[in-house]
Structures are given as C-alpha cells and as structure tokens.
Amino acid sequence: MRLLHKDYQFKLDFKENDRILFIIESPEVFRQLIQELMIGQTGEECGFVLSEENVPIKIQDNLKCIINPFELSLNERKLLSKLYELLKKEIQSTELLLENNEIYAMIENYSIHIFQQLDWELAYTDKSDIQNLLKFMDIKFAEHEESLIEKIIDYIKVSHDLIGIKCFVFVHLLSYLDEYEIEKLYEFAQYQKIIILLMESQQPSDIKKFNSVIIIDKNCCEIELDM
C-alpha cells in the first residue's frame, strides 16, 4: 500500500512490519495535510492518493486518521451500522428469524389492543425491519474503563474486522504513549497485519526505533531517512 500527495514528492510505501514516522515541522503544512486526510476519509476529494499495487483505492474505505485517541468509540455510527448489518444477515439465515417475526407479531397485536381502548381512529408506522428492532434494543459494543493503549487497540481491531480499515494514521500519538505502549501497538499491528502511520510535528528523542522516517522541515524541504 502507498500513500502520496499530489503537491509533494514523498511516497509512503507501507510494507509488512514497517515502522514509518512522518514528521512535518512546518505548522502550515502539518495543518494542511491533517485537514486533507480528514476530508479524504469522508469520501471527498483531497490531495492524497492511496493505492495498492499501483491501483488507487478509496481512502474512506481503507484509512482512518485519528487526531484525538481519547474520543475513540466502538459505538460510532459507521461501526454500529456495520454491526447491525451483520446481525441482520445472521438473523435472516438462522432460526432467529422465526423469533424475530414472533416479536413483531406481538408488537402488532399490542398496537391493536391500544387502539381498542380509544374511540379515535389511530394509525401507526410499521417498522418491522430487523435493524429497527436491534436499534430499539440499543444493541452496541460494551466499552469498559481501560488504558488508552487498550482503547486504541480495541478500536483498531473492531474497525479492521468490521469495515476493513487497513491503515491507521495517528497524530501526535507519541505525546500520549510511552515506549512500552508504542511497542505493544506495533506488536498488535504486526499480528493483525495492519498499517500504523505516526504523524508528528517534531522529531522524537529515539528516532532509531523507526525503520523509515520522512521529514518535511520548516522550510518545506523533504528529507527521507533510511534507518
């Protein structure tokens, strides 16, 4: 997988077990690139191009840019929608469908009994779709009080398994996690065969733990360090 930008020379080539650090020292460029990644993951056109085997792929389907890891939630709309979609398929293909139909029959009978208590002519909207029942039951992922690294790993796993996100871009993550936690994150990424890209605005003290470093300095010069 490769990530590049039409206005710059850098090419971020992601290979298995790579540890790539992208440092942008210019605040203006840093802000621009982050904003464009955020725009790209909504499906709108931006300057970034993501490709796999030289074939462009959609950023919104394959990449997630995370600015504030504290706000990560397994119950964000995109993940819940996919969860309901999978649960619906499971219900439709098993004996659960019979139970589902019985529940809606009970709801319909209950509605009729309510109407019979009044003299007015009433109507109700039939929302017998399986996903409506799942939403009514408020089915969602259980989220527990846990450390930040555990929260991040849980989010990555669910996002990868449910919606197929392959590349996770973290902004200033080195400000939040210590060396042990970063190592734990990379071990998890290696096991799951996913890509982690760290974007920072300044060089960390231990840059040698990364095997590839791309720098855009304050003068907008692009530097590639092969560690």
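Leaving aside its neighbours within four places in sequence, which residues is Leu198 in contact with?

Reply: The model is a predicted one. Once neighbours within four places in sequence are set aside, Leu198 is in contact with Ile20, Leu21 and Phe22, with Phe170, Leu173 and Leu174, and with Tyr186 and Phe210.

Leu198 belongs to the largest nonpolar core, which holds 35 residues. Together with Ile152, Ile156, Phe168, Phe170 and Ile196, Leu198 is among the residues that touch the most other members of this core. Two or more residues of the core come from each of strand 3 (20–24), strand 7 (167–171), strand 8 (195–200) and strand 9 (212–216), and likewise from helix 3 (77–92), helix 6 (148–163) and helix 7 (179–192). Of these elements, helix 6 gives the most, with 8 residues.

Apart from this core lies another, of 28 residues, including Leu3, Leu33, Cys46 and Val169. Leu3 also takes part in strand pairing: its bridge partner in strand 4 is Leu50. Strand 1 (residues 2–5) and strand 4 (residues 48–52) run antiparallel and are joined by 4 bridges.

These two strands belong to an open sheet of 4 strands, in the order 2-1-4-5, with antiparallel pairing. Strand 2 (11–13) and strand 5 (55–57) stand at the edges; each has a single partner strand, so one side of each is left without a neighbour in the sheet. On average, and with direction ignored, neighbouring strands of this sheet are turned by 30 degrees against each other.

Key:
Residues are numbered from 1 along each chain as its sequence is written. This is a predicted model: local features need pLDDT of at least 70, side-chain atom pairs count only at pLDDT 80 or more; totals for chains, interfaces and linings use all residues. Side-chain values use heavy atoms; hydrogens and water are left out. A nonpolar core is a set of buried Ala, Val, Leu, Ile, Met, Phe, Trp, Tyr and Cys residues joined through side-chain atoms within 4.5 Å. Buried means under 20% relative accessible area, exposed over 50%, partly exposed in between (1.4 Å probe, protein chains only). Contact means heavy atoms within 4.5 Å. Two strands pair if DSSP finds at least two bridges between them. Axes are lines fitted to C-alpha atoms, for helices over the stretch in contact, and angles run from 0 to 180 degrees between N-to-C directions.
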